[in-house]
Amino acid sequence: MINLFGIDNKFFETLEKISNIVILNFLYILFSIPIITIGASTTATYFVAMKIVQNEEGYIFRTFIKSFKENFKISTIVWIMIMLVGGVLILDFHISNAISNSSISNIFKLILTMVSIIIIFNITYVFPIICKFDNSIKNTIINATLISIQNLPYTIIMSLLNLIPIISILFFSNYLGYIAFFYIIIGYAVVSCINSFFLNNILNKYIN
């Protein structure tokens, strides 16, 4: 006879997993509110998410805080760099629109688009790498770029998953309320966990 209320019952395991993902999503949003801490919050979220998909999460809050504190400095510096580069790219796109010569403008936009894609690929890996490896900022950024190129098919999938909120706002603005509700409740953590399936397999190859 099947023990429906056993501690190992799949239903309760699934329920616990969902609860952990909801808690992780709440922590990500809470610790990202100051904006400047988004980098450290993202690093901690991936640290927990990669453990969740391997069934090693333990106490979510304690694990999150531990990673947040340990990786705060490097994550924050990298995040500030990303914001600065992003601001420069946005400014450059505005400048390209103001160029009267359409040929030069299009070439400029093409270069900026390529740079933007490389940065998006880099961001996809840089915070998971921070929580997984102890390295300098320079080497972390270089490794994130190289690994993203070496694993391009997975990089594209994960980057698109990360961009879903922006894509949804652009193409499904009528459902903005539903989209916001989903991400406030569970969305960010779900994407992090999906990406973590790929990231664990990819990054574990570089541990040795």
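What share of the contacts in the protein chain with a separation of 6 or more comes from residues 24 or more positions apart? The figure is 71%, and it comes from a predicted model. The chain itself is built from helices: there are 9 of them and 0 strands, so the pattern along the sequence reads simply α-α-α-α-α-α-α-α-α. The C-alpha trace spans about 75 × 45 × 35 Å along its principal axes. Of the 208 residues, 39% count as buried.

Next comes the largest pocket, which takes in about 1200 Å³ of space. Its lining counts 35 residues, and those closest to the centre are Trp79, Ile123, Asn162, Leu163 and Ile166. Quite a list of helices gives two or more residues to this lining: α1 (10–32), α2, α4 (72–98), α5 (102–132), α7 (152–162), α8 (164–171) and α9 (176–204). The largest share belongs to α4, with 8 residues.

Thr43 lies in helix α2, which covers residues 38–52. Its relative accessibility is 0%, and because anything under 20% is taken as buried, Thr43 falls in that class. Leaving out residues up to four places away in sequence, Thr43 touches Ser67, Asn71, Ser75, Phe127, Ile130 and Cys131. Asn195, for its part, is found in helix α9. With a relative accessibility of 0%, Asn195 also counts as buried. Once neighbours within four places in sequence are set aside, the contacts of Asn195 are Tyr46, Met158, Leu161 and Asn162. One of these, Asn162, has already come up among the residues closest to the centre of the largest pocket.

Ile18 and Ala98 are 80 residues apart in sequence, and their C-alpha atoms are 49 Å apart in space.

Ile35 is not a glycine, yet its phi is positive at about 70°. This residue sits in the loop between α1 and α2. Its relative accessible area of 47% is not over the 50% needed for exposed, which is why Ile35 is described as partly exposed. Asn55 is another residue other than glycine with a positive phi, in this case near 60°. The loop in question here is the one between α2 and α3 (60–70). At 60% relative accessibility Asn55 is over the 50% cut-off, and therefore Asn55 counts as exposed.

Terms used: Residues are numbered from 1 along each chain as its sequence is written. This is a predicted model: local features need pLDDT of at least 70, side-chain atom pairs count only at pLDDT 80 or more; totals for chains, interfaces and linings use all residues. Side-chain values use heavy atoms; hydrogens and water are left out. Helices (H or I, at least four residues) and strands (E, at least two) are DSSP runs, numbered from the N terminus. Buried means under 20% relative accessible area, exposed over 50%, partly exposed in between (1.4 Å probe, protein chains only). Contact means heavy atoms within 4.5 Å. On a 1 Å grid over the protein atoms alone, a cavity is a set of points where a 1.4 Å probe fits but cannot get out, and a pocket is an open set with protein on both sides within 12 Å along at least five of seven lines; lining residues have an atom within 4 Å of a point. Grid points are joined across faces, edges and corners, and a volume is the space filled by probe spheres set on the points.
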